[in-house]
Amino acid sequence: MHTDPAGESDRWGDRVLTPSAGRSDEKGRPAGRPFRRLVESSPWLSRLADEAAAALEEEATFRALRLAEVVNCPLYLVHVTTARSLPHIKRARDAGQIVYAETCAHYLTLTQDIIKTRGALAKVGPPIRTAADKEALWGAMQDNTLQVVSSDHAAKVKDPDGDFLEQGF
């Protein structure tokens, strides 16, 4: 089961976290949606956007774990990306629930800063997270909260100079 509720953090990332990649509009302002420009210019709003995306994943992870517990069903969680999801997985496993959890190589090696330099080429779903999330994922690999690293390879043609929102995940 995906830990991202129906791609909601992907859509959140598109609307809010997407950098304008150095492009300008006709008035010389950074290109992109007005709210996106506001988030980019405000460290407080940027942190809020990061936390909202992480909260969406955490909620979906918690819900999947509880549903699997109620029906006594083994659970395989794919693409875990945030530190906030990990305590729920660990607690369920420690309680004897059969849970396997996976992350991907790009979540273990990259941070959201890659989007500033690579634009649409770094667009994946769920989005790449913070350095703190990356470190927490490594810790979760070491303590067996996460058992699998996958590639989630899904090749798509992307235009690095095109509109970020129009590019595939």
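A residue is called buried when its relative accessible area is under 20%, exposed when it is over 50%, and partly exposed in between (1.4 Å probe, protein chains only). Helices (H or I, at least four residues) and strands (E, at least two) are DSSP runs, numbered from the N terminus.

The model is predicted, so local features need pLDDT of at least 70 and side-chain atom pairs count only at pLDDT 80 or more, while totals for chains, interfaces and linings use all residues. Residues are numbered from 1 along each chain as its sequence is written, and side-chain values use heavy atoms, with hydrogens and water left out.

**Exercise 1. Describe the order of the elements and the burial of the protein chain.**

Solution. Begin with the count, which is seven helices and three strands. Next, read these elements from the N terminus on, where they run α-α-α-β-α-β-α-α-α-β. Finally, turn to burial: of the 169 residues of the protein chain, 43% count as buried.

**Exercise 2. Work out how strand β2 is placed among its neighbours.**

Solution. Start with burial: five of the six residues of β2 are buried, so this strand is largely enclosed by the rest of the structure. Then look for partners, remembering that two strands pair if DSSP finds at least two bridges between them. Strand β1 (residues 75-77) pairs with β2 in the parallel sense over three bridges, and Leu77 stands opposite Ala101 in β2. Between these two strands the chain passes through α4, and this β-α-β crossover is right-handed, meaning that, with the strands pointing away from the viewer, the path from the first strand over the helix to the second runs clockwise. Strand β3 (residues 148-150) also runs parallel to β2 and is joined to it by three bridges, with Glu102 standing opposite Val148 in β3.

**Exercise 3. Which residues of helix α7 are buried, and against which elements do they pack?**

Solution. First consider the length: α7 (residues 131-142) has twelve residues and reaches 17 Å from its first C-alpha to its last, close to the 16 Å expected at 1.5 Å a residue, where the expected span is 1.5 Å times one less than the number of residues. The buried residues of α7 are Asp133, Lys134, Leu137 and Ala140. They cover an arc of only 120 degrees around the axis (taken from the directions from the helix axis to the C-beta atoms), which puts them on the same side of α7. On the other side of α7, Ala132, Glu135 and Gln142 are exposed. As a last step, find the contacts (heavy atoms within 4.5 Å): the buried residues of α7 pack against α4 (86-94), β2 (99-104) and α5 (105-109).
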